[in-house]
Amino acid sequence: MANEPRDNVLLEEPCMFILENGEMYRNPTEVKMSQIVLPCHANYCEELSAGQLLKWMDSTACLSAERHAGCSCITASVDDIHFETTIGVGQVVNITAKVNRGFTSSMEVGILVSCEDLFSNRQWPPFATFVARRTEAGKLQLKQVIPRMQAEQMEYSLAAERRRMRLIHAEIINDLLSSCSCQIVSECLDYRDAVPAEQTRVESVELVLPPHANHQVSTFGGQIMAWMENVATISARLLFSIHNMFLTQQFSILE
Ligand SMILES: CC(=O)SCCNC(=O)CCNC(=O)[C@H](O)C(C)(C)COP(=O)(O)OP(=O)(O)OC[C@H]1O[C@@H](n2cnc3c(N)ncnc32)[C@H](O)[C@@H]1OP(=O)(O)O
């Protein structure tokens, strides 16, 4: 995020809780970041772009992972994310990340995104997996996370199940790709107004510059996701404009 204004970034202190035994507790892996959405973070609709939000989420989650691992970590995957509301310029986005569970060298980081103001109760919780970088000595064995609060204990249990699903999901997608046949093409021919996929194809070539790199001097995951989101948006808009053109032609024929 080196190319972005820094003065709107607010790293907050993690929450303190009092446990049943009276002990004060705060999760040592918790990282909180607040951002004011400025015009430079918005898309053409003047709403926070998904790519920008992914960058912030990735940076916050990476910091949490590195706090736990005590070394450099890389984003291995990010689970499904559902953007349920739009966030406008001037609103404040709060992002909280904490390590739910460490496995061997990987760990699940839970990320909570909420938006202050209009949608005060709207929150969505995606999960990302970060991996501690290998050293010359080989793969790192992470220390275990000790869940202290009831909510942390629940996330700890669920993290193992989510990891199992994540790894199975990756296998299923690989199997699907290798067994995919041309049957789909003949299915599409049934649609009269089908658009050739080629017409929605967008290719983007990005030169990796210092502002795209993280503190480890490699392109950070959030930046890659932001580029992907950009290309996907243009592709979706192409399909939309092709359809609009098709409808306009249909109407002019009818007139
Ligand atoms: C902070 C940033 O922005 S970093 C920049 C963006 N990220 C990157 O560039 C990452 C590029 N990817 C990589 O370097 C590699 O694919 C890695 C390191 C993530 C994984 O490499 P692999 O050769 O699969 O390593 P390996 O088999 O030892 O697996 C390491 C761990 O990652 C986990 N892992 C690997 N791929 C995935 C995945 N897609 N989803 C979840 N976990 C994964 C494995 O389960 C394993 O966990 P464990 O050690 O707790 O058992």
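An oxygen atom of the ligand sits 2.8 Å from a polar backbone atom of Thr 104. This is a predicted model, in which local features need pLDDT of at least 70, side-chain atom pairs count only at pLDDT 80 or more, and totals for chains, interfaces and linings use all residues. Residues are numbered from 1 along each chain as its sequence is written, and side-chain values use heavy atoms, with hydrogens and water left out.

| Residue | Protein atom | Ligand atom | Distance |
|---|---|---|---|
| Thr 104 | polar backbone atom | oxygen | 2.8 Å |
| Thr 75 | backbone N or O | nitrogen | 3.0 Å |
| Lys 139 | side-chain N or O | oxygen | 3.0 Å |

Taken alone, the ligand exposes 1,000 Å², and the protein buries 63% of that (areas by the Shrake-Rupley method with a 1.4 Å probe).

Now for the shell around the ligand. It has 20 residues, each with a heavy atom within 4 Å of the ligand; Thr 104, Ser 105, Ser 106, Lys 139 and Gly 221 come nearest. Seven of the shell residues are nonpolar, nine polar and four charged, with Gly counted as polar. Strand E5 (73-78) gives the largest share, five residues, while helix H1 (50-69) and strand E9 (127-132) each supply at least two. These elements are DSSP runs, numbered from the N terminus (helices H or I, at least four residues; strands E, at least two).

Key:
Polar contact = N/O pair within 3.5 Å; in protein donor to acceptor, adjacent residues only side chain to side chain.
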